[in-house]
Amino acid sequence: MSTLYFPLNDGTTIPALGFGTGTALMKQGAVNATKIAVKTGFVHFDTAPMYGTEDQLGAVLDDRSIPRDKLYVTTKFLELKGGETVKSALQESLRKLKLEYVDLFLIHAPLHFAGRLKEVWAEMEEVKKEGLARSIGVSNFGIEDFEEFWSEATIKPAVNQIEFHPYVLGQFEPLLEYSHTYGIRLESYGALAPITREPGGPLDPILSKLRTRLAGTWGRPVTDGQILFKWCLQKGIVVVTTSSKEDRMKEYLAVLDMPDLTPEEVTEIDVAGKKKGSGPAESIGRYKNYVRSRETHA
Ligand SMILES: NC(=O)c1ccc[n+]([C@@H]2O[C@H](COP(=O)([O-])OP(=O)(O)OC[C@H]3O[C@@H](n4cnc5c(N)ncnc54)[C@H](OP(=O)(O)O)[C@@H]3O)[C@@H](O)[C@H]2O)c1
């Protein structure tokens, strides 16, 4: 299996396929699945205090079966509570992860920092300068969020992790263009939504046709999920996904060896995705509501 790395705007590189310890694994615990992910060949892991999985990931990675210079770990922070700073939040994450630095540190969402992004980003720059995070970035940010702190930033965000799949392409095209212009690498979560959360849409017949074409070219069975990942990767977008199953993890990693979609096939997926079309910024809005509802019902 080959490994694909994408360059970031700070001179580092990021493995293009990452294993997430949030969403499904928040409820069931991440230890078993992460052990399998390590065994299967993942080297890029995504966590956050909100998932409650940092210590579990730290316990699995502590066996050092992946050398530190091959390992890529991302964590985030959603808010800063009473007296916490960006640095103290990261130090707490590092303690749980049993690491001296993370490869990527993200503001999980702009939600709690409206009007304060300049000062929070300045603190992000400090933790990078101190070597506690190799790269710094954001998640669930829209253009207006970047605009709030961009002019004062001396280090630009390397990454924006957002929900991304063909059914949000229409709403995120301006963000894609903005990210391309300013060298911010997009990372996708929820890439499988067209088959897991929103099946039965205009993409289904296209995926079925492409499965047959790609399987014929490759000489191996191809799944809809692999096509959705390939579509992201060919747009230069990092994919963060997850699974509890070894077979599916192998299937995910095999995408790196799968033949490419042709430019016409990528366009076909784009067009079908935009047909479904969500409202403007619906995905980021949905995330904000999700976080609010978690807080309200906690
Ligand atoms: N920054 C943020 O705000 C944010 C938000 C959400 C997620 N994330 C990160 O992104 C990671 C991945 O997020 P995601 O779960 O939304 O990713 P996803 O890649 O869209 O979905 C992965 C899930 O789909 C299931 N699945 C895979 N193939 C399937 C199929 N053919 N049929 C039915 N189910 C299938 C897997 O379950 P099985 O166990 O059955 O394989 C797994 O639970 C998270 O763990 C987290 O690290 C970040």
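I counted aromatic pairs and got 15. My rule takes the rings of Phe, Tyr and Trp (its six-membered ring) and pairs them if their centres lie within 6.5 Å; planes under 30 degrees apart are stacked, over 60 edge-to-face, the rest tilted.

I looked up Phe146 and Trp150 next. Their pair is edge-to-face, with 6.1 Å centre to centre and 80 degrees between the planes. Both Phe146 and Trp150 are buried (under 20% relative accessible area, with exposed over 50% and partly exposed in between; 1.4 Å probe, protein chains only).

Then I checked Phe164 and Trp231. These rings are stacked, at 5.3 Å centre to centre and 10 degrees between the planes. This pair links distant parts of the chain, 67 residues apart. Phe164 lies in the loop between β8 (159–163) and α7 (169–182), and Trp231 in helix α10 (residues 224–234). Helices (H or I, at least four residues) and strands (E, at least two) are DSSP runs, numbered from the N terminus. Phe164 is buried at 0% relative accessible area, and Trp231 is buried at 0% as well.

I traced a cluster too: ring pairs join Trp121, Phe141, Phe146, Phe149, Trp150, Tyr178 and Tyr182.

Last, charges over rings (NZ of Lys or CZ of Arg within 6 Å of the ring centre and within 35 degrees of the ring normal). Arg68 lies over the face of Tyr101, 4.0 Å from the ring centre. The charged end of Lys276 sits over the ring of Tyr167, at 5.3 Å from its centre.

Notes on the source: the model is predicted, local features need pLDDT of at least 70, side-chain atom pairs count only at pLDDT 80 or more, and totals for chains, interfaces and linings use all residues. Residues are numbered from 1 along each chain as its sequence is written, and side-chain values use heavy atoms, leaving out hydrogens and water.
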